[in-house]
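Me: Please examine the two-chain model shown below and answer my questions on its geometry and contacts.

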Amino acid sequence: MDFEFDETQVQIRDSIQKICAAYGDEYWLEKDRHGGFPDDFARDIAEAGWLGIALPERYGGAGLGVTEAAIMMMAIAESGAGFAGASAVHINIFGLKPVAVHGTEEQKRAWLPPIIRGEHRACFGVTEPNAGLDTARIQTRAERQGGEYLVHGAKIWTSTAQSANKILLLARTAPLEATPNPIDGLTLFYTDLDRRHVQVKEIEKMGRKAVDSNMVFIDGLRVPVDHRIGEEGKGFRYLLEGFNPERILIAAEAVGLGRAALRKATQYAKERHVFGRPIGQNQGIQHPLARSWAELEAANLMLFKAAALYDAGRPCGAEANAAKYLAAEAGFHACETAVMVHGGMGYAKEYHVERYMREVMIPRLAPVSRELVLSFLAERVLGLPKSY
Amino acid sequence: MKVLIAIKRVIDYNVKIRVKSDNSGVETANVKFSMNPFDEIAVEEAVRLKEAGKAEELVAVSMGVAQCQETIRTALAMGADRGILVQTDAELQPLAVAKLLKALVDKEQPQLVILGKQAIDDDSNQTGQMLAALLGWPQGTFASKVTLGDGKAEVVREIDGGLETVEIKLPAVVSTDLRLNEPRYASLPNIMKAKKKPIDTVTPADLGVDVAPRLVTLKVEEPAKRKAGVKVASVAELVDKLKNEAKVI
């Protein structure tokens, strides 16, 4: 058992920290106030080759594992960029894994290099208003008509769709009744987000204003057959392979943001004097901060254990889900504690921690709820009857 | 032309230094280390020389514990071609470092040695000068601009009150100041390439250098806490205080 980062991993963390140092608290505060995609930040990340961290070397990536991707995403969030920074690049990191694994040589050559260079921006069209976590029941249909598919349906919580030019789209190609297993009959496409047939409507939300989330209405989008990834009807299975890495990355981002909050709160506790001494001398302030540190470290260990298992090609469903759960809760406690330690100033935007607290709700809710994680662990780890 | 770059692994400049409770040194456990910022500038300058076609091979040298390899790897990711680690757990003082560097220079025969003017941990500002003396080479210290010519280099030096331009014959030692350049970040493709670049490991004994410290550290203390200042109501009061209390004017 080795808990140390290796040389490359240390370099990844340090290099990302250096890029992020140019985007300080004021930058993200401004992005939170007025919105607008953090294009300059995303460009800096792309230009230094970071978007290809987990994609194959043959197509311009670095071919590293989810462990390294987690280190990268944690460093972004921890810099104070939080989920605004992390979500601006998140989908490029693992979103196109199904293409890398199941795509044809031609598809990989056409699609991976521009994503790694940051020239293409992709969005994820999976979740639907009427399906939620029960992804097998999505209603978007793709009907085969000769050399193309005709797609109708609606997606929700599609991030970055305001500016994306590509969409990774899951649609039903065989009716639910016709597939013995409900996870079959769904097909995955990677295609142009043709705004003549796709209407994108932004959802106003609690935090992370810089990175848009949207409702997406698809009406008669024609998708060429060669934009299909892998076999027809297997799309959800391909996506499932990416669920664990995604949970690990979200967990890394939550731990990163929690650490940013803890750093701010600790600093404030040292500097703020009340009753003639720093408030950090009071156990009422110390203990929640110390507890947050312990919780964040525990979540950190779990997420890197999950990442190590994944990178070793071993099952990691329980660990990845547990990491997502632990990290989101630890991150939330840290952000909440940071607001409370700041007292009234915690409620003021210029102290940044209230922004963190709004953003840290994201990993608690997405990509899967706490409750469904616990139901999954109860069933798969503890052997209790399936509840959902 | 071959360039040798000396780099030191130091406590990261962002870390708040804490003195050990027995005053024997500073706390290094669980502390982030990185490349001495002045040495980063040296690496950057060497890489720019190579990019401009004025240097062929860049050799990055670091000395100390095994983890110094991380620091070398960073230099390789910035563009150095290969690394040499002089591995030892012993405390290395500037004279020992200069002697070890001299031994490596004798072996490698570079035309230019470039290194930070000082390390931010002990602030000695001695290694470059000692190395030049041991080699009998010219030196251009505190460089804010380096221009290589035919068999010589023009170095603009930062000195008190201005800039001094000197011309030195190669081979030479150049120590870098803050304003020489702005070091690049290692990009991911270059980090991946650096993994394949070679790092040789030698020991002080291999180089036949006695590194025994010549100086003994008696104690290390935190700077005295500064007292809170006072506000003055007027310029007259300020002048009065400077004259009569502080006695500086």
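Me: Which side chain does B:Asp177 join in a polar contact of 3.2 Å?

Reply: This is a predicted model, in which local features need pLDDT of at least 70 and side-chain atom pairs count only at pLDDT 80 or more, while totals for chains, interfaces and linings use all residues; side-chain values use heavy atoms, without hydrogens and water. Residues are numbered from 1 along each chain as its sequence is written, and chains are lettered from A and ligands numbered from 1 in the order in which they are written. A polar contact is a pair of N or O atoms within 3.5 Å, where within protein one must be able to donate a hydrogen and the other to accept it, and residues adjacent in sequence count only if both atoms are side-chain atoms. At 3.2 Å, the partner of the B:Asp177 side chain is that of B:Lys117.

Me: Is B:Asp177 buried or exposed?

Reply: B:Asp177 is found in the loop between strand 10 (172–176) and helix 5 (188–194) of chain B, helices (H or I, at least four residues) and strands (E, at least two) being DSSP runs numbered from the N terminus. Beyond its neighbours within four places in sequence, its contacts (heavy atoms within 4.5 Å) include B:Phe38, B:Ile41 and B:Phe142. Buried means under 20% relative accessible area, exposed over 50% and partly exposed in between, with a 1.4 Å probe and protein chains only. Because its relative accessible area is 5%, B:Asp177 is buried.

Me: Why is the ring pair of A:Phe5 and A:Phe304 edge-to-face?

Reply: Rings of Phe, Tyr and Trp (its six-membered ring) pair if their centres lie within 6.5 Å; planes under 30 degrees apart count as stacked, over 60 as edge-to-face and the rest as tilted. The search of the whole structure finds ten aromatic pairs over all chains. In this pair the centres of A:Phe5 and A:Phe304 are 5.6 Å apart, and the pair is edge-to-face because the planes stand at 70°.

Me: Where do A:Phe5 and A:Phe304 lie, and how many residues apart are they?

Reply: A:Phe5 counts as partly exposed at 27% relative accessibility, whereas A:Phe304 is buried at 14%. The pair links distant parts of the chain: A:Phe5 is in the segment before helix 1 (7–21) and A:Phe304 in helix 8 (residues 283–311) of chain A, and they are 299 residues apart.

Me: Which residue does a cis peptide bond join to A:Ala366?

Reply: Most residues other than glycine have a negative phi, and most peptide bonds are trans. In chain B, the bond from B:Leu170 to B:Pro171 is cis, with omega near 0°. In chain A, a cis bond with omega of about -5° joins A:Ala366 to A:Pro367.

Me: What is the phi of A:Thr160?

Reply: A:Thr160 lies in the loop between strand 3 (148–159) and strand 4 of chain A. At 2% relative accessibility, A:Thr160 counts as buried. Although A:Thr160 is not a glycine, its phi is positive, at about 65°.
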